[in-house]
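Look over the model below before reading on.

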Amino acid sequence: MAARVPGPAVTAVHAMRFFSRDVRPAIRSRREQPREDVISHLLEEGYPDKAILIECMTYAVAGMVTTREFIVMAAWHLFDDDALRARFTAGDEADQIVILEEILRLEPVAAMLHRRATEDADLGPDSVRAGELLAVNIRAANVDPETVGACPHALDPDRASRQKGVGSYMSFGDGSHRCPGAQVAIAETRVFLDALLRLPDVRLERAPDMTWCDGLMSYELRGAVVTCARA
Ligand code: HEM
């Protein structure tokens, strides 16, 4: 009979392996020769190894889970809309980015951000006291017509240039904690989808099932099936 290994133990083993195979060698090489990157910066700030490991795991989770969900969501929109897909495959890099940012505006992977107020403040209709927790509803902010213009629920890649705004609006957050991986996420998605949509007779055979992850306040897409012809 197979013994059941508790989940936290498995996580700890993965973390140890990630540390010994990837993080520790990266720390060593940057101690010898600092580079222009996050680990070198953390070493400069005097972070211990464990804190650097946690930072690397944060990047992995914050970066991979979000981007994975977004890639499926963007693909779904593009498969479902022939005109949009034609514009995407014919477009240059800048136009493809604009399309992806507009999809991300409508489909923010992280729908809610939380902040603790550091001082009393008057926020228009509401006021907040120091120490209170604020929830920022990104999904709602991204469809506020005062910011994004008319027909806020319509997918319109030219919206951001008309409004002179940042295409993804609040989907990567804002301020000092704005997502440092925003460009990587959009670039990864763009390169992958550009290659995918050029496959012969590529189609979405089965649309994904959508569920909701309460912890992250984000959508999860599972079970999509994409098919193509042999080249
Ligand atoms: C479509 C993909 C992504 C979305 C929608 C996204 C969204 C966000 C949002 C909304 C925040 C702000 C959280 C807050 O203010 O509390 C954030 C933070 C962060 N993101 Fe991303 N992200 C994505 C991809 C990535 C990638 C690829 C990386 C790493 C390469 C990354 C690394 C991080 C990190 C480290 C933070 C924390 C920043 C801080 O607290 O100062 N993200 N992300």
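Axes are lines fitted to C-alpha atoms, for helices over the stretch in contact, and the angles between N-to-C directions run from 0 to 180 degrees. Helices (H or I, at least four residues) and strands (E, at least two) are DSSP runs, numbered from the N terminus. This is a predicted model, in which local features need pLDDT of at least 70, side-chain atom pairs count only at pLDDT 80 or more, and totals for chains, interfaces and linings use all residues. Residues are numbered from 1 along each chain as its sequence is written.

The protein has 9 helices and 8 strands. Its C-alpha trace spans about 60 × 50 × 45 Å along the principal axes. A residue is buried if 20 or more other C-beta atoms lie within 10 Å of its own, exposed if 12 or fewer, and partly exposed in between, with C-beta atoms placed from the backbone. Of the 231 residues, 16% count as buried.

Two packed helices are described by the angle between their axes and the distance between the axes. Helix H3 and helix H5 (residues 93-106) pack at about 105°, with their axes 10 Å apart. This makes H3 roughly perpendicular to H5, a term for angles of 65 to 115 degrees; under 35 counts as roughly parallel, over 145 as roughly antiparallel and the rest as oblique. From H3, the contact uses Phe 70, Met 73, Ala 74 and His 77, and from H5 it uses Leu 100, Ile 103 and Leu 104. Two residues are in contact if their C-beta atoms, placed from the backbone, lie within 7 Å. By class, the contact of H3 with H5 has 6 nonpolar, 1 polar and no charged residues. Here Ala, Val, Leu, Ile, Met, Phe, Trp, Tyr, Cys and Pro count as nonpolar, Asp, Glu, Lys and Arg as charged, and the others, Gly among them, as polar.

Helix H1 (residues 7-32) also packs against H3, at an angle of about 105° and with the axes 10 Å apart. H1 is therefore roughly perpendicular to H3. Ala 15, Phe 19, Val 23 and Ile 27 of H1 meet Asp 49, Ile 52, Leu 53, Cys 56 and Met 57 of H3. These residues divide into 8 nonpolar, no polar and 1 charged.

Leaving out residues up to four places away in sequence, Ala 74 touches Leu 100, Ile 103, Thr 189 and Leu 193. The C-alpha atoms of Ala 74 and Ala 185 are 12 Å apart, although 111 residues separate the two along the chain.

Ala 185 is also one of the residues that come nearest to the ligand, together with Gly 63, Gly 173, Cys 179 and Gly 181, out of 19 around it. A residue is near a molecule if its C-beta atom, placed from the backbone, lies within 6 Å of it. Helix H3 (49-80) and helix H9 (182-196) are the elements that give two or more residues to this shell. The largest share, 7 residues, comes from H3. The shell has 11 nonpolar, 8 polar and no charged residues.

S6 runs antiparallel to strand S7 (residues 218-222), and 5 bridges join them. Two strands pair if DSSP finds at least two bridges between them. Asp 209 has Arg 222 in S7 as its bridge partner. The hairpin of S6 and S7 has 4 residues between the strands, and in it Met 217 takes a positive phi near 50°.
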